[in-house]
Amino acid sequence: MPIHEQSLIRPENLKTHDKLVLDGVDVSGHWSTFIEPRVVTDYNEALQEEIAALPGGEHIHRCWQCGSCTNSCTVNAVNPDFNPRFWIYLIRMGMESELLRDKDIIWQCVSCNKCTYACPRDVFPEGVMKATAHWLELQGHTPKSKSTLFDEEFTEQVMATGKIEEGRIIRGFFAKTGQALMQDWLVEMAKRLARRLPIKLGFLMGWATIFRPRTRGWSRAGEAIEEYVHEQQAKQRKALSLE
Ligand code: SF4
Ligand code: SF4
């Protein structure tokens, strides 16, 4: 059968032979291009349920593959390999090994939510991308992404103090990701802020960075949130058969 659109076939699935004679006919080189049979034997029949068990993935079953999410996607516009519709298809079909081929780019969703507004089925593709990236981390296929590390730093601070202090979040995030604190863009931003920031506000920010103030009476609320977070994490690990 002739190959009409070679660009749609993964290069490793195309086979050519320098020297090949079939039934006395020399079909060497270009004429001997064959497509490797594509047989998927390792279906994960639970894949859709596993993604649906993670925050954001709940409505994946509603997808009818219209492609509006990919058409509107910010990241797809610069990298056509970033394809939410295709990944949702693979997940619903249980094609785990195919999904894993793209494991290093799925986390790149920038959460702009353009897909969320374009989706006619309320699938929340942005949430599905987040759930899929989370699934990849939990299954050990990828290390924690910077986005996950940022979320962790943010959550830890809320649970500990009931407040958000941006300076400390940035410091903690840089420490977790091995980045130097003195970065050119940050120094420049601090300089500009220092020029415009009212003195009292600057003082309060500095004070909060050093003394880590807590919301009054926060202990019980913090403990309740922490308990809930641990409960949810245990539930997710159970849904993925990780415990
Ligand atoms: S939220 Fe993510 S998947 Fe959706 S359009 Fe933006 S980058 Fe693409
Ligand atoms: S826009 Fe919604 S229904 Fe259409 S392919 Fe994307 S997730 Fe599926």
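User: Which residues touch the most other members of the largest nonpolar core?

Analyst: This is a predicted model, where local features need pLDDT of at least 70, side-chain atom pairs count only at pLDDT 80 or more, and totals for chains, interfaces and linings use all residues. Residues are numbered from 1 along each chain as its sequence is written. A nonpolar core here is a set of buried Ala, Val, Leu, Ile, Met, Phe, Trp, Tyr and Cys residues joined through C-beta atoms within 7 Å. The largest one has 27 residues, and those touching the most other members are I51, I60, I91 and V128.

User: And which helix gives this core its largest share?

Analyst: Helices are DSSP runs of H or I, at least four residues, numbered from the N terminus. At least two core residues each come from α1 (47-52), α4 (84-93) and α7 (125-138). The largest share is 6 residues, from α7.

User: Is I91 buried or exposed?

Analyst: I91 sits in helix α4. Buried takes 20 or more other C-beta atoms within 10 Å, exposed 12 or fewer, and partly exposed is in between, with C-beta atoms placed from the backbone. I91 has 25 C-beta neighbours inside 10 Å, so it counts as buried.

User: Leaving aside neighbours within four places in sequence, what is V128 in contact with?

Analyst: Contact means that the C-beta atoms of two residues, placed from the backbone, lie within 7 Å. With those sequence neighbours left out, V128 is in contact with I51, G56, G57, I60, I88 and V123.

Methods
Chains are lettered from A and ligands numbered from 1 in the order in which they are written.
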